[in-house]
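Welcome! Please take a moment with the sequence and the model, and then read on for a short tour.

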Amino acid sequence: MLRDTNALAHVIQTYGKTKQLRRGKQLHALLICAGHTPCTFLTNHLLNMYSKCGEIDHALKLFDTMPQRNLVSWTVMSSGFSQNSKFWESIRTFCAMRIYGEVPTQFAFSSAIKACASLGSIETGKQLHCLALKSGIGSELFVGSNLEDMYSKCGAMFDACKVFEEMPFKDEVSWTAMIDGYNKIGEFGEALVAFKKLINEKITTDQHVLCSTLVACGALKACKFGKSVHSSVVKLGYESHIFVGNALTDMYSKSGDMESASNVFRIDPERRNVVSYTCLIDGFVETEHIEKALSVFVELRRQGIEPNEFTFSSLIKACSNQAALEQGTQLHAQVVKINFDEDPFVSSILVDMYGKCGLLENSIRVFDEIGDPTEIAWNSLVSVFGQHGLGKDAIKIFERMIDRGVKPNAITFISLLTGCSHAGLVEEGLNYFYSMDKTYGVVPREEHYSCVIDLFGRAGRLKEAKEVIDRMPFEPNAFGWCSFLGACRIHGDKEMGKLAAEKLVKLEPENSGALVLLSNLYAKERQWEDVRSVRLRMRDGNVKKLPGFSWVDLGCQTHVFGAEDWSHPSKTAIYEKLDSLFDQIKAAGYVPLTDSVPLEAMDDGLKEKLLHQHSERIAIAFALITMPIGKPIIVKKNIRVCVDCHSAIKFISKVSGRKIIVRDNSRFHHFTDDGSCSCGDYW
C-alpha cells in the first residue's frame, strides 16, 4: 500500500475530512520510517490534512522542507492559513506564489479574498479583484461570490452589487452573500427584495438563503413575509435543521408572535441548543413576559445546556426593565459562577440593571470591576447617573470616558443631556449639545433635540424651548412634545400647553397623558370650563386615563398597589401604618398641597384623603411594616410621582429614619432621613 500513491492520497484525504489528526500523523511517520519520501502529490495531501486538522504550523514546517512545490502546494498553504484564521499569512503566501512564478487559480484567489473579508481590508481586496480581472477569472462563480462577500462585509454594497450583476451565472451561494451583505449594513428591505428576485429567477433555495432571509424578516418585524418563508422551509424539508429552526424562532420572537415562536421551538426537543433557548427567552423579554423568560431559562438548565453571554444579557435586561432586583441579583451570582462577569455585554447590562433597580452604589462597583470598559459600559454608567438625576456625576463620567480615549456615540449624548436636564444644568447641557457634531462627529437626531426641549422646559425657559421646536430640522417626536407640555403645565402657560397637547394627540392618539396634562394645566389656572371640555373630549374619544400603580418587591414576590387600594391581604395593618404616618408627618410640618388635585367641587378635607391614599404612599406603608430596618425601601411607579407625594415622602423618610428610593416613569428620587431628595426639588 505504501507504494500505491493514489490509495495513500485517498486515505490522507479521508483523515483530513474526518479530522483524524492522530492517524494522519501515524501514517506520515510510517512513510518516513519506511524511507519512502512522499512525492509532491502526496505531500500536498499531507499539507491539506494538517491544515484541516488545525495544525497549520506543522503544515508550514512540511511546506518549508519540500524540495519541489507546485501550484497546488501554494494554493493549499494559502487556503490553510485562511481556514486557520491566519489571514495576513494567507495573503503573503498568495503574493509569494506569484513571485515564484505560479499563476493563481480561482481557488487561490478565493482563499486570499476570504482573508481580506475577514480582515476588513478592502484595499487589498480591490487589488486582488484587479488581478483576478487581468487573469480572466474575475467573473468566475467561485471568485465572484467571494468578491461580492468581501465587498459586502467591508460595507461597500455598491461594489458588491456591481460584482454580482457582472457575474454571468449566479448560484444560491452568490445570492446568500448578497442577502447577508444587505443584512450586515441594516438594509433589510433590500435583502427581502433580493430574495424575491432569487425566487423569480428560479434559483435553488438552500437553508443558508432561508436563514439569511429570516434574519431580515425578524429585523423588520415582517411576520407575514416570514410566514411565507416558513412555508418554503416546510416544503423543502428544512424545518428539522437546528439552525433553520433557530432562525424561525428568532424571526417570530422579534416579530412579537410568541405563540408561533413557541410552536417552532417545540417541534423537536432533541434538536435544541443554547441558541434555540436564547431566541425564545429574548422574545419573551421583548414582549415583557419576564416570568415566561425565566421559566425557559430554568428549562434550559434542567436540560443540562450551558447558557451563554447572550442568554444572560437578555434575562438581565428583562430584570432591568422590570426593576426585578431579586431575580437580577440571582442571575448576577450565576454570571460570576460561570465567569461571564468579564464579558463586555453582560457587565454593561449589570451596570444598567442595578441602576434601574435603584442601587447606584452596586452599579458603580460592577463598573469599577470591569478591566477595560467598552463604549457600552461607559454609556450604561452615564445613563445610570442621568436616570438618577445626578447630572454633575454624569458629566464627570463622560469626561473620564473621553480621557480614556473612548469615543462617545448618539446614545452617550442622550444619557448625558438627560442627566443635565434632570439636574438643571442648562448651560452645560447646551455646550455638550453644540459640541456633538463639531467636536465628536455625532450628528444630533430628534432624540437629542427633544432632550434640549426638556432641558429648557424644566428650567422654565419655555420661549427658548419653543425656538428649538421651530428651528429643529425635523418635527419633534412624542417625547419632545410631552416634555414641552409638562413644562407648560408646571409653569402655567396654557396657550403653548394647548399647542403641545394637540401635537401630542396627533402623534399618539391612544396616549391619554396629553389630555390629562392639559386638563391639569387648566385646573391649575382654575379654568374649570376648559377642564370639563377636555374631559368630555376624552370621554367622547373613549380615551381613558392611565391608572397609577406602585409596586414593591419583597423576596421573590411583587406587591402591587393602586390608589385607594383595599385588596391587599395586609390592608388593615397597611392603613393603620398609613394613618400613623399621616399624623407624624403633619406634626413634623407637612402641609398637603390640595391645589394639586384638579377637582373643582371637592373640599380640601376630601382632597387630603385622596392624596393620602395615593399608590406610592400605600406601597411605602407596606414596606415599612414588612422590610427590616437598615434595608432601603425601593418603590416603583408607572407614572410620574405627584408633587404632594414628593413632599410627603420627604417627611416620611425623615420621621421613619429610612432611606426611600422611588422610581417613576422618568427618573429616580432618593429620599434620605434628613428630609431631602436627590433631585433637589428640581424635577
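Let us start with how the chain holds together. Among contacts (heavy atoms within 4.5 Å) between residues at least 6 apart in sequence, 62% join residues at least 24 apart. This is a predicted model, in which local features need pLDDT of at least 70 and side-chain atom pairs count only at pLDDT 80 or more, while totals for chains, interfaces and linings use all residues. Residues are numbered from 1 along each chain as its sequence is written, and side-chain values use heavy atoms, with hydrogens and water left out.

The chain has 36 helices and five strands; these are DSSP runs numbered from the N terminus, helices being H or I with at least four residues and strands being E with at least two. Along the principal axes, the C-alpha atoms fill a box of roughly 110 × 55 × 50 Å. Of the 683 residues, 52% are buried, where buried means under 20% relative accessible area, exposed over 50%, and partly exposed in between (1.4 Å probe, protein chains only).

Now to the aromatic rings. Rings of Phe, Tyr and Trp (its six-membered ring) pair if their centres lie within 6.5 Å; planes under 30 degrees apart count as stacked, over 60 as edge-to-face and the rest as tilted. The count comes to 20 aromatic pairs. One of them joins phenylalanine 561 and phenylalanine 622, a tilted pair with 5.4 Å from centre to centre and 50° between the planes. Because phenylalanine 561 sits in strand E2 (residues 557-562) and phenylalanine 622 in helix H35 (residues 615-626), this pair ties together parts that are 61 residues apart in sequence. Phenylalanine 561 is buried at 1% relative accessibility, and phenylalanine 622 is buried at 2%. Another pair, phenylalanine 582 with tyrosine 590, has ring centres 6.3 Å apart and planes at 75°, so it is edge-to-face. Both phenylalanine 582 and tyrosine 590 are buried. Elsewhere, ring pairs link Phe398, Phe413, Tyr432 and Tyr440 into a cluster.

What about the cysteines? A disulfide is a covalent bond between the sulfur atoms of two cysteines. Here it is taken as a pair of cysteine sulfur atoms within 2.5 Å, and a search of the whole structure finds zero disulfides.
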